[in-house]
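Let me put the model up on the screen, and then I'll talk you through it.

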Amino acid sequence: LCHKATAEKSFDTAKTDAEHVEVILKGKKGEKPPFMPGFEAKGMTAAEAQELVTYMRELRKPAN
């Protein structure tokens, strides 16, 4: 929902998977709201966060 249907909003493909996993788990404040909440406190594991990163990268691939 926050990143749109093709992950075009605020998903930097230049960042490593590990960087994305860290943000998903710990959250991140940007220049202005809405901020990325941390999901580790809500029970998300690093493995689940990695699956989410993989899914987001797939959404960013151009359609053939």
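This is a predicted model: local features need pLDDT of at least 70, side-chain atom pairs count only at pLDDT 80 or more; totals for chains, interfaces and linings use all residues.

Residues are numbered from 1 along each chain as its sequence is written, and side-chain values use heavy atoms, with hydrogens and water left out.

So, the overview. The protein chain has 2 helices and 0 strands; helices here are DSSP runs of H or I, at least four residues, strands are runs of E, at least two, and both are numbered from the N terminus. Of the 64 residues, 14% are buried. For burial, I'm using under 20% relative accessible area as buried, over 50% as exposed, and partly exposed in between, with a 1.4 Å probe and protein chains only. The chain exposes about 5000 Å², and carbon and sulfur atoms supply 58% of that; the areas are Shrake-Rupley with a 1.4 Å probe, and for residues only the protein chains shown count as cover.

One more number for the whole chain. Take the contacts with a separation of 6 or more: 51% of them are between residues 24 or more positions apart. Contact means heavy atoms within 4.5 Å.

α1 covers residues 17-26, and its buried residues are His 20, Val 21, Ile 24 and Leu 25. Seen down the axis of α1, these fall within an arc of 130°, so they line one face of the helix. That arc is taken from the directions from the helix axis to the C-beta atoms. As a reminder, an α-helix has 3.6 residues a turn, so residues three or four places apart point the same way.

And what do the buried residues of α1 pack against? They pack against α2, residues 46-60. After α1 comes Gly 27, with a positive phi near 85°.

On to the core. The largest nonpolar core has 5 residues: Val 21, Ile 24, Leu 25, Ala 49 and Val 53. By nonpolar core I mean a set of buried Ala, Val, Leu, Ile, Met, Phe, Trp, Tyr and Cys residues joined through side-chain atoms within 4.5 Å.

Let's look at some individual residues. Leaving aside neighbours within four places in sequence, Ile 24 is in contact with, among others, Ala 49, Leu 52 and Val 53, and also Met 36, Pro 37 and Phe 39. Leu 25 is buried at 10% relative accessibility, and with the neighbours within four places left out, its contacts include Phe 39, Met 44, Thr 45 and Ala 49. His 20 is buried as well, at 9%; beyond four places in sequence, it is in contact with Phe 11, Asp 12, Lys 15, Val 53 and Arg 57.

Val 23, also in α1, is partly exposed at 22%. Not counting residues up to four places away, Val 23 touches Lys 28, Met 36 and Pro 37.

Last stop, the salt bridges. How many are there by this rule? The count is 2, where the rule is a side-chain nitrogen of Lys or Arg within 4 Å of a carboxyl oxygen of Asp or Glu.

One of them joins Asp 17 and Arg 57, at 2.7 Å from N to O. Asp 17 lies in α1 and Arg 57 in α2, so the pair ties together parts that are 40 residues apart in sequence. Asp 17 is partly exposed at 28%, and Arg 57 is partly exposed at 23%.

There is also Lys 26 with Glu 40, where the closest N and O atoms are 2.5 Å apart. Lys 26 is in α1 and Glu 40 in the loop between α1 and α2, so this pair ties together parts that are 14 residues apart in sequence. Glu 40 is partly exposed, at 38%. Leaving aside neighbours within four places, Lys 26 is in contact with Gly 38 and Glu 40.
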